[in-house]
Amino acid sequence: MENESMSELSEISLDPFYIPPRGKYPIFFLGVIIYLFAVFCNMTLLALIIFQRKLHTPMYFILFSLPLNDLVGISAMLPKVLSDIVTGTRKVYYHLCLLQAFLLHMYGGGVLFILAAMAFDRYMAICMPLRYRSVMTMRTVVSVACLVWGLDFLLILSLFVLQTRLPKCRSAVLNVFCDNPSLLKLSCGSTALNNIVGLVTTAVMQMLSVSVQLFSYIRILMACLGSRRSEAKTKAINTCMSQLIIFCIFEIVGTFTILSHRFQNVSPDLQKIMGMLIFLVPPILNPIVYGLKTSEIRNTLLGLARNKISA
């Protein structure tokens with residue numbers, strides 16, 4: 001497969017985990033349980049927002065994008081990895097690998113932009129309560145959702161348009177799943193432009209997300225400290241805390257993932273596991289954090305559970 005051109009490259013090989021024969025099926029079933037649990041939690045959150053009229057507010061319409069994005073991230077990565085573990089498959093079609101990489105990068109950018117949109121919504125609700133309903137109309141919410149997904153799509157698309165123009169002369173991806181850096185290593189041409197665009201894109205995403213969230217939460221903190229109503233302070237802090245926890249989880253896991261690839265003495269299998277965590281941990285924890293920290297969702301779930309028991 002060496003020295004093949006882009007037009008001739010149809011299959012590439014992935015670098016699998018080293019798993020002893022006895023450990024293959026236990027790991028597979030553990031992965032299936034993790035995946036089903038994440039799907040159940042995120043689908044439950046989506047269903048609550050869709051079917052519970054009390055949650056038909058701008059805050060929850062914007063929140064709707066978060067579990068949707070989490071489902072994209074974990075579904076693009078985990079089923080393929082589990083399938084390869086149980087079947088021993090190493091091959092994948094190049095275009096399917098490209099699609100997986102695109103979806104995983106869309107997920108990463110989506111988390112940052114969605115959390116920024118949610119922070120802006122909380123800023124408007126807490127710092128400008130009298131103008132909130134007139135500003136955060138359904139049209140505004142739809143525009144925010146389109147901006148979040150549209151900007152994410154365009155930025156990630158730019159990476160892959162640049163990536164696909166390069167000739168390929170290698171066929172081995174040194175990872176258990178496909179991503180843009182791994183695909184770039186298949187190229188035999190200069191990747192300097194791709195690396196620059198990749199760094200700029202990552203910096204733009206981080207700066208936009210962090211600056212919006214930092215501005216929003218500083219203003220919210222100032223508003224809470226200036227408020228004499230302790231009940232209002234508590235509600236505002238609890239609402240924002242869940243979003244801050246989700247953001248911290250994503251950034252901490254992302255930092256560990258990046259650092260694991262910077263040290264030479266880290267085992268390849270550990271690097272692969274660390275690389276998977278960013279697509280596993282947030283989709284599992286995000287709906288749980290929102291369920292526990294957001295009173296409306298928690299009370300709605302408890303109410304539905306009581307109704308089921310009493311029925």
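Which side chains meet in a salt bridge at 3.0 Å, N to O? Lys80 and Asp84 do, and they have a view of their own below. This is a predicted model, in which local features need pLDDT of at least 70 and side-chain atom pairs count only at pLDDT 80 or more, while totals for chains, interfaces and linings use all residues. Residues are numbered from 1 along each chain as its sequence is written, and side-chain values use heavy atoms, with hydrogens and water left out.

**View 1. The protein chain has 11 helices and three strands.** Helices (H or I, at least four residues) and strands (E, at least two) are DSSP runs, numbered from the N terminus. Of the 311 residues, 43% count as buried; buried means under 20% relative accessible area, exposed over 50%, and partly exposed in between, with a 1.4 Å probe and protein chains only.

**View 2. Strand 1 pairs with strand 2 and with strand 3.** Two strands pair if DSSP finds at least two bridges between them. Strand 1 (residues 11-14) runs antiparallel to strand 2 (residues 91-93), with three bridges. Here Glu11 has Tyr93 as its bridge partner. With strand 3 (residues 172-173), strand 1 pairs in the parallel sense over two bridges, and Leu14 stands opposite Val173.

**View 3. Lys80 and Asp84 form a salt bridge within helix 3.** A salt bridge is a side-chain nitrogen of Lys or Arg within 4 Å of a carboxyl oxygen of Asp or Glu. Lys80 and Asp84 are four residues apart in helix 3 (residues 65-87), so about one helical turn separates them. Lys80 is partly exposed, with a relative accessible area of 24%, whereas Asp84 counts as buried at 11%.

**View 4. Asp15 and Lys272 form a salt bridge.** Their closest N and O atoms are 3.1 Å apart. Asp15 lies in the loop between strand 1 and helix 1 (24-51) and Lys272 in helix 10, so this pair ties together parts that are 257 residues apart in sequence. Lys272 is buried, at 7% relative accessibility, while Asp15 is partly exposed, at 25%.

**View 5. Arg122 and Asp121 also meet in a salt bridge.** Here the N to O distance is 2.8 Å. Are these two residues buried or exposed? Both Arg122 and Asp121 are buried. A search of the whole structure finds three salt bridges.

**View 6. Phe37, Leu285, Ile288 and Leu292 form a nonpolar patch on the surface.** Patches are made of residues with over 30% relative accessible area and no salt bridge; like charges are joined within 9 Å, and nonpolar side chains (Val, Leu, Ile, Met, Phe, Trp, Tyr) within 5 Å. Together, the four residues have about 340 Å² of accessible area, a value from the Shrake-Rupley method with a 1.4 Å probe, where for residues only the protein chains shown count as cover. Helix 10 (residues 268-293) gives the most to this patch, with three residues. Look for Leu292 in helix 10: at 60% relative accessibility, Leu292 counts as exposed.

**View 7. Thr255 sits in helix 9 (residues 230-260).** Thr255 is partly exposed, with a relative accessible area of 41%. From Thr255 to Ile278 the distance is 9.4 Å, C-alpha to C-alpha, and the two are 23 residues apart in sequence.
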